[in-house]
Amino acid sequence: MRTIVITGGTDGMGASLARHYLAAGERVVVIGRSRAKFDALLASVVPSARPRAGFIAADLSLVEDNRRAIDRLMRDHDRIDALILAASYIRQRRYVTSEGREASWSLFFLSKYLFVTELAESLRTADRPVIVNTAVPGARADAIDFDDLEMADGFTFRRSNAQQRRANEVLGILATERNPALGYLTWGPARLVRTGFAGEVGTGMKVATAILGPLLGQRAEDAVRPIIRLVDAPAPGRAAYRGAEALPLTSGAQDENDAARLAAAVRASL
Ligand SMILES: NC(=O)c1ccc[n+]([C@@H]2O[C@H](COP(=O)([O-])OP(=O)(O)OC[C@H]3O[C@@H](n4cnc5c(N)ncnc54)[C@H](OP(=O)(O)O)[C@@H]3O)[C@@H](O)[C@H]2O)c1
């Protein structure tokens with residue numbers, strides 16, 4: 001039986017994956033803020049699967065909660081076979097958490113940095129370890145503002161989104177350097193997925209998702225099929241996907257340097 005950890009596993013694509021792996025007989029640990037959503041997830045699977053499902057309540061935009069969740073995972077599980085990073089809360093404006101950190105950078109990058117680096121040993125114990133990071137690949141190689149990672153100046157949704165996506169690609173360099181057997185995938189759906197789109201967004205984005213979602217969006221359980229295939233047969237090293245299609249990794253002249261610089265800046269900020 002594999003142990004699959006899913007951040008953002010209470011809703012949307014994360015919940016579809018959790019349901020799939022529970023039906024397939026795996027052990028699944030779901031991390032999210034809402035116990036009620038986890039209870040609804042449990043109610044949607046057959047009773048015999050429920051003992052294999054675990055829940056850790058955590059607000060992953062808070063570093064303290066990330067540390068607590070990671071400690072609990074390390075205490076309860078000697079081995080993690082697959083780590084799927086799918087927590088999402090879209091904020092179009094800059095927002096500062098109770099810890100004084102910029103919320104989108106905290107949720108979409110610091111949390112993932114902590115999970116990937118601190119769970120490295122638990123993943124090393126697996127035969128074919130894999131991380132699926134649902135950060136859409138393909139952001140520009142120069143999208144990281146190393147001098148102002150939390151964008152105190154000039155925050156826009158577009159800049160913040162591009163920076164975290166690029167940082168999540170670069171995170172794969174750090175992860176696979178330390179564990180060459182690890183498969184590290186940055187993955188985005190091939191097209192819009194009909195999910196809750198949790199977040200605080202303006203009327204334009206709300207209307208666009210409300211109209212386009214039902215018209216063009218795919219169902220979460222269909223969107224995650226490529227992830228399921230990739231997790232079942234992981235290849236070591238970094239890769240990038242949109243849906244089932246492999247994309248070239250964005251590579252810049254400074255990739256290794258950027259990875260080291262990012263790690264140093266993040267460690268200094270934690
Ligand atoms: N949907 C799309 O079309 C689309 C397109 C491109 C990329 N993606 C990416 O795919 C991934 C999954 O997206 P989705 O649309 O399936 O998401 P979703 O339906 O909005 O679900 C988001 C999940 O994240 C959890 N979450 C939100 N804030 C959290 C926090 N502060 N701490 C812990 N958990 C938190 C939510 O659970 P709780 O409410 O329990 O906290 C929920 O389980 C994301 O990385 C997203 O960026 C999606």
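Predicted model: local features only at pLDDT ≥ 70, side-chain atom pairs only at ≥ 80, totals over all residues.
**Exercise 1. The ligand**

*Solution.* Residues are numbered from 1 along each chain as its sequence is written, and side-chain values use heavy atoms, with hydrogens and water left out.

Step 1. For a polar side-chain atom of Thr 134 the distance to a ligand oxygen is 2.7 Å, and a polar backbone atom of Ser 34 is 2.9 Å from an oxygen atom of the ligand.

Step 2. Of the 900 Å² of accessible area that the ligand has on its own (Shrake-Rupley method, 1.4 Å probe), the protein covers 92%.

Step 3. Around the ligand there are 28 residues, a residue being near if one of its heavy atoms lies within 4 Å. By class, this shell has 13 nonpolar, eleven polar and four charged residues, with Gly counted among the polar ones.

**Exercise 2. The sheet**

In which order do the eight strands of the open sheet stand? Follow the order and examine some of the pairs.

*Solution.* Step 1. The order is β3-β2-β1-β4-β6-β7-β11-β12, with mixed pairing, where strands are DSSP runs (E, at least two residues) and two strands pair if DSSP finds at least two bridges between them. At the edges are β3 (53-57) and β12 (245-247), each of which pairs on one side only.

Step 1. Strands β1 (residues 3-7) and β4 (residues 82-85) run parallel and are joined by four bridges, and within this pair Val 5 stands opposite Leu 83.

Step 2. Strands β7 (residues 183-188) and β11 (residues 237-242) also pair in the parallel sense, over six bridges, with Gly 183 opposite Gly 237.

Step 3. Between β11 and β12 the pairing is antiparallel, over three bridges, and Tyr 241 has Ala 246 in β12 as its bridge partner. The hairpin of these two strands has two residues between them, and Gly 243 takes a positive phi near 60° there.

Definitions and conventions
Polar contact = N/O pair within 3.5 Å; in protein donor to acceptor, adjacent residues only side chain to side chain.
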